[in-house]
Amino acid sequence: MSEIEWSDFQKIELRVGTILKVEDFPEARKPAYKLVVDFGEQIGTKKSSAQICDLYDKASLLGKQVVAVINFPPKQIGPYMSECLVTGFHRQDGKVVLATPDLAVHNGARLA
């Protein structure tokens, strides 16, 4: 593993947002949802595609706060333009567990 400088870490905008909308994404190669995430007044909402169908259903995702990278350039995923990367951790079985704050924080809060 290579080391990075503090300035490298500071370039990554890891922010908290609340999932406002969840839709199926049948065109995705692997099962995924289309998400709309609210990052607060200053940043606004951003769209993301997330391969998290194994552990989460649509109802359980609504209102959930997640940690996302918001300063990647938009990425075309099939017919969908993803504007942020919702983060998570792969379990040994390959399923993704979302990175979430354990207590509520304001939307747009930056990972410290």
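Start with the hairpin formed by strand 2 and strand 3, which have six residues between them. Select G40 in the turn: this residue has a positive phi of about 90 degrees. The model is a predicted one, so the tour describes computed geometry throughout.

Now select residues 33–38, which are strand 2, and follow the pairing to strand 3: six bridges join the two, and they run antiparallel. Within this pair, V36 stands opposite K47 in strand 3.

**The sheet around the hairpin**

Five strands form it, in the order 3-2-1-4-7, and the pairing is antiparallel. Which strands are the edge strands? They are strand 3 and strand 7, each of which pairs on one side only.

Next, select strand 1 at residues 14–24 and strand 4 at residues 65–69. Five bridges hold this antiparallel pair.

**T18**

Stay in strand 1 and select T18. Is T18 buried or exposed? T18 counts as buried because its relative accessibility is 14%, and the cut-off for buried is under 20%. Show the side chains of T18 and N107: a polar contact of 2.7 Å joins them. Leaving out residues up to four places away in sequence, T18 touches V36, V37, D38, G63, K64, Q65 and N107. V36 is the residue already seen opposite K47.

**K47**

Go back to strand 3 and select K47. With 30% relative accessibility, K47 counts as partly exposed, because that value lies between the 20% and 50% cut-offs. Display the residues that K47 touches, again setting aside those up to four places away in sequence: L35, V36, Y80, M81, S82, E83 and C84. Then pick the C-alpha atoms of K47 and E83. These two residues are 36 residues apart in sequence, yet 5.2 Å apart in space.

**P79**

Move to the loop between strand 5 and strand 6 (80–82), and select P79 there. P79 counts as exposed because its relative accessibility is 58%, and exposed means over 50%. Apart from its neighbours within four places in sequence, P79 is in contact with F25 and E27.

**The largest pocket**

Finish with the largest pocket, which has a volume of about 760 Å³. Several elements give two or more residues to its lining: strand 3 (45–50), strand 5 (75–77), strand 7 (85–86), strand 8 (88–90) and strand 9 (96–98). Which strand gives the most to the lining? Strand 8 does, with three residues.

To centre the view, select S49, A50, Q51, I77 and L85, which lie nearest the centre of the pocket among the 30 residues that line it. Colour the lining by residue class to see its make-up: 15 residues are nonpolar, eight are polar and seven are charged.

How values were computed:
Residues numbered from 1 in each chain as written. Predicted model: local features only at pLDDT ≥ 70, side-chain atom pairs only at ≥ 80, totals over all residues. Heavy atoms only, no water. Helix = DSSP H or I, 4+ residues; strand = E, 2+ residues; numbered from the N terminus. Buried < 20%, exposed > 50% of the residue type's maximum accessible area, 1.4 Å probe, protein only. Polar contact = N/O pair within 3.5 Å; in protein donor to acceptor, adjacent residues only side chain to side chain. Contact = heavy atoms within 4.5 Å. 1 Å grid on protein atoms, 1.4 Å probe; cavity = no way out; pocket = protein on both sides within 12 Å on 5 of 7 lines; lining within 4 Å. Points joined across faces, edges and corners; volume = space filled by probe spheres on them. Nonpolar A, V, L, I, M, F, W, Y, C, P; charged D, E, K, R; others polar. Pairing = 2+ DSSP bridges.
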